[in-house]
Structures are given as C-alpha cells and as structure tokens.
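Okay, thanks for making time this morning. Let me put the model up, and then I'll walk you through a few spots in it.

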Amino acid sequence: MQSEGKTFRRIDKVLVTGGAGFIGSALVKRLVREGARVRVIDNLWRGRKENLRGDNGRFIIDVERDFDQADLADMHACRSLVRDVDLVYHLADVVSGVGFAFKEEPFIFHKNILINTGVLNACVENQVPRYVYVGTACSYPKCLQMADGVSALREEQTYPAEPESSYGWSKLMGEYEATLAQRSGRIEVGLLRLHNVYGPGASYEPERSQVIPALIRKALLYPAEPFVVWGSGDQYRDFIYIDDVVEALRLVVDRGMNKGLIQIGSERPTSVRELAETIAAASGKPITPVFDESRPQGDRGRIAVCDRAREILGWRPRTDLRSGIETTYRWIQRRIEEPPTAEETGSIA
Ligand SMILES: NC(=O)c1ccc[n+]([C@@H]2O[C@H](COP(=O)([O-])OP(=O)(O)OC[C@H]3O[C@@H](n4cnc5c(N)ncnc54)[C@H](O)[C@@H]3O)[C@@H](O)[C@H]2O)c1
C-alpha cells in the first residue's frame, strides 16, 4: 500500500453508498483501518453483507447501527439517510457484466440516474461538505473505442459524448451533475473515472459478473463446464487491481477535490485472449479457451492515460496483472469450494 496512515487527512464520519459491493467494501475496510467511523447504505442488489467481514469473520462495522439496506433510487430514502457525515463516497449504482448491461439498458439507465441524482442532491440539501463520485471508462465515446490499434484516452476526450451503452450514459450524467454541484459552490467534489477493476471481492455470479471473475469461475468449473469466452478475444481493456483503486479513492480526498475528472487505469492494454490465457495458467488446468463470437463483447477497447492521476494525486498503479489474477483466482476458489451460508451473506431472497 502506498501511503496508508502517512498523508491522509483524518476522516471522521464517512458514508459509503454501495459499501457492500466490490469496490465499496474494500474501501470501507481501508477507512475503518484508518480510524474512520463508516456507515454503509446498500440495497444488496449485487453487494453482499458478507463482504463487510474481516479476515477473522467478524463484521468490520457495527451492522446493526451503521448499515442500512435501502434503495437509493428512492429520493426519500436518500434525503433521510444521506446526512450527518463529513464525506460521502458514492459508489452505489447498477453495475454488471456486458450481457446484462446490453439486455437491460432501460432499467440500468433509469436506476442509475435516480440513484446518482438522489444521493448528490441529498448531500447538497443536507450540507454534506464533500462528495466523491466514480465514473467509468464506458462513458468515453464509442467511436474512440472502435478504432484499430490501441486507443489511449485522456479525460478531455469525453465530449462530444456518445457512450455505447446506457450504463456509460448514466454514469456520465452522474459526473456531469456532480460537476454542476461543484460549480454551484455548495459542495466539494472529487471525480474519479475507473477502467476495469478486478480483485478479491468482485461478484462472480454467472449473470451479473464482469469478465475476470466470470472467466475465473469458468476455469474453476472446468472441465465440468466448458471454458467459453465471449467475443473474438481481440477486444482489449485496461484492467486495474482493487488495491490501486482504493488508494486512488483515498488520495482524491486529500489532493483531488474540485480538480475535475481524474481517470484511473493501468495504462496497459490486455486482450481478452491474453486474459483468458493468464487465467487458464493460474488454474494449472489444461484449458484451451473457446471464443464465441455470437456473444456480446462490448467495445473494441480503450486504455487510460493517467497523467492527471500522477500529477494531481501522485498516484500510480502497483499491482501487475499476473499477480492480481492469481490472488483473485485463489479468493474465488475458496468461495466456490466453501460457499458462505445465506446468513453470512445477508443476501435477499
Ligand atoms: N468494477 C468496475 O470495473 C468499475 C469500473 C468503473 C466504475 N465503477 C463504478 O464503481 C462503483 C462500484 O462498482 P463495483 O464494481 O463495486 O460494483 P458493485 O455492484 O459490487 O457495487 C455497487 C453496489 O451498489 C449497490 N446498489 C445497486 N443499486 C442500488 C440501489 N438502488 N440502492 C442502494 N445500493 C444499490 C449494489 O448492491 C452494490 O453493492 C459503481 O458506481 C461503478 O459504476 C466500477
């Protein structure tokens, strides 16, 4: 970890929306270690209460007092729950793999617009002083992600806007509204835009998971299930490990508030073919990936140029893909071999 305990302004009361999710729960763990009092709101659509347990199996926050299972698409819930904190990290949104994202475009757009506008406006009305929002690389114009060769993108290439999916549009609207709020002078805003995040804690359910956990699950189930990869395998992404993202989320509060959009990625293109081969190698099994070009694969690709993250936050990625995949593989393997009970997951029916 780069700078834990050294550079950070102490944060007392923090609310993490989506804090039972992948990135949110990793952030909550870090904040709790630093002594913050952390509250979480999550409707457990994809998050799991189990994600908020530490290595000793105990919850890292007082879930009776500091966890609210609530739907942030409900404006009234936002108004009553998003308050009395020094900082809101807003991570709740409908996030999924590419299959669900393209099948359920109206649902995702509608929900995310409601969630993002509800949480932000509750912060402003309830005089929360600081708000951190995370956007996505899916918000870049699709024409920039379809070109041959590697498309290395900078923050200023966002407009004219034309994201490929409703998810990308909804997340972009969240960035836009946060920028308006910041310009009004009523709240300080930190804006990160993340590329493809992976690591322990990521959802690996077949329907809603993203490419790395989905492929790790398939590798673990091989040969009982075939190792089928969606798309040609030529599409590439910029994969960034969870610890590096959490570091950026902490740094943005000290160094990146009201500084505009800062994207976070590894700056390295990894094709889905390379990814599948790396996961196959981590499994130790004789897997030959099968590429199914009839399934959606999303954009051809994009990677981040992280000059702003380096200059403003002093941030750079630390974890290489191979070791990040191996750690993630072992984490999912443990979960599949010894699944947590329904009581431990706190899952909704
Ligand atoms: N994982 C990535 O690769 C990635 C990349 C770019 C941006 N992001 C952004 O980071 C944030 C966190 O993503 P994640 O990967 O941890 O996904 P995640 O699905 O694990 O976390 C999102 C959380 O929001 C919760 N949620 C969804 N709808 C809700 C609602 N109506 N009310 C309350 N809670 C709700 C989910 O249950 C989940 O726990 C999201 O805003 C996402 O858009 C993620």
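Let's begin at Arg37, which touches Asp12 and Lys13 once you set aside residues up to four places away in sequence. You'll find Arg37 in strand 2, the stretch covering residues 37-41. Buried or exposed, or something in between, for Arg37? Partly exposed, because Arg37 has 17 C-beta neighbours inside 10 Å, and the cut-off for buried is 20 or more. If you're looking for Tyr133 from there, Arg37 and Tyr133 are 96 residues apart in sequence and 20 Å apart in space, C-alpha to C-alpha. And a reminder while you look at the screen: this is a predicted model.

Val63 sits in helix 2, residues 63-66. Leaving out neighbours within four places in sequence, Val63 is in contact with Lys49 and Leu52. Val63 comes out as partly exposed, since there are 16 other C-beta atoms within 10 Å. Between Val63 and Ile115 you have 52 residues in sequence and 22 Å in space, going C-alpha to C-alpha.

Now the ligand. How many residues surround the ligand? There are 31, and the closest are Gly18, Gly21, Phe22, Ile23 and Gly47. The elements giving two or more residues to that shell are helix 1 (22-33), helix 5 (105-125), strand 5 (130-136) and strand 8 (196-198). Helix 1 supplies the largest share of the shell, three residues.

Nine of the eleven residues in helix 7 are buried, so I'd call helix 7 mostly covered. The buried ones are Val211, Ile212, Pro213, Ala214, Leu215, Ile216, Arg217, Lys218 and Ala219. What covers the buried residues of helix 7? The cover includes strand 8, strand 9 (228-230), strand 11 (239-241), helix 9 and helix 11 (321-337).

Let's take the two helix partners in turn. Two packed helices are described by the angle between their axes and the distance between the axes. For helix 7 (residues 211-221) against helix 9 (residues 272-283), the angle is about 40° and the axes are 10 Å apart. Helix 7 and helix 9 are therefore oblique to each other, and their crossing is right-handed. On the helix 7 side the contact is made by Val211, Ile212, Leu215, Ile216 and Ala219; on the helix 9 side, by Val272, Leu275, Ala276, Ile279, Ala280 and Ser283. By class, the residues of that contact between helix 7 and helix 9 are ten nonpolar, one polar and no charged.

The axes of helix 7 and helix 11 come within 10 Å and cross at roughly 60°. That makes helix 7 oblique to helix 11, and here the crossing is right-handed. Helix 7 puts in Ile212, Pro213, Ile216, Arg217 and Leu220, while helix 11 puts in Thr328, Tyr329, Ile332, Gln333 and Ile336. In the contact of helix 7 with helix 11 we get seven nonpolar, two polar and one charged residues.

Where do we find cis peptide bonds? One runs from Tyr159 to Pro160, with omega near 0°, and Pro160 lies in the loop between strand 6 (152-153) and helix 6 (166-183). Another cis peptide bond joins Tyr222 and Pro223, where omega is about 10°. Pro223 is in the loop that goes between helix 7 and strand 9.

Asp84 has phi near 60° and lies in the loop between helix 3 (75-81) and strand 4 (87-90). Asp84 counts as exposed because there are 11 C-beta neighbours inside 10 Å. Gln127 has a positive phi of about 55°, and its place is in the loop between helix 5 and strand 5. With 10 C-beta neighbours inside 10 Å, Gln127 counts as exposed.

That's my tour, so over to you.

Terms used
Residues numbered from 1 in each chain as written. Predicted model: local features only at pLDDT ≥ 70, side-chain atom pairs only at ≥ 80, totals over all residues. Near = placed C-beta within 6 Å. Helix = DSSP H or I, 4+ residues; strand = E, 2+ residues; numbered from the N terminus. Axes fitted to C-alpha atoms, helices over the stretch in contact; angles between N-to-C directions. Parallel < 35°, antiparallel > 145°, perpendicular 65-115°, else oblique. Left-handed = near helix turned anticlockwise from the far one by under 90°. Contact = placed C-beta atoms within 7 Å. Nonpolar A, V, L, I, M, F, W, Y, C, P; charged D, E, K, R; others polar. Buried ≥ 20, exposed ≤ 12 C-beta atoms within 10 Å, placed from the backbone.
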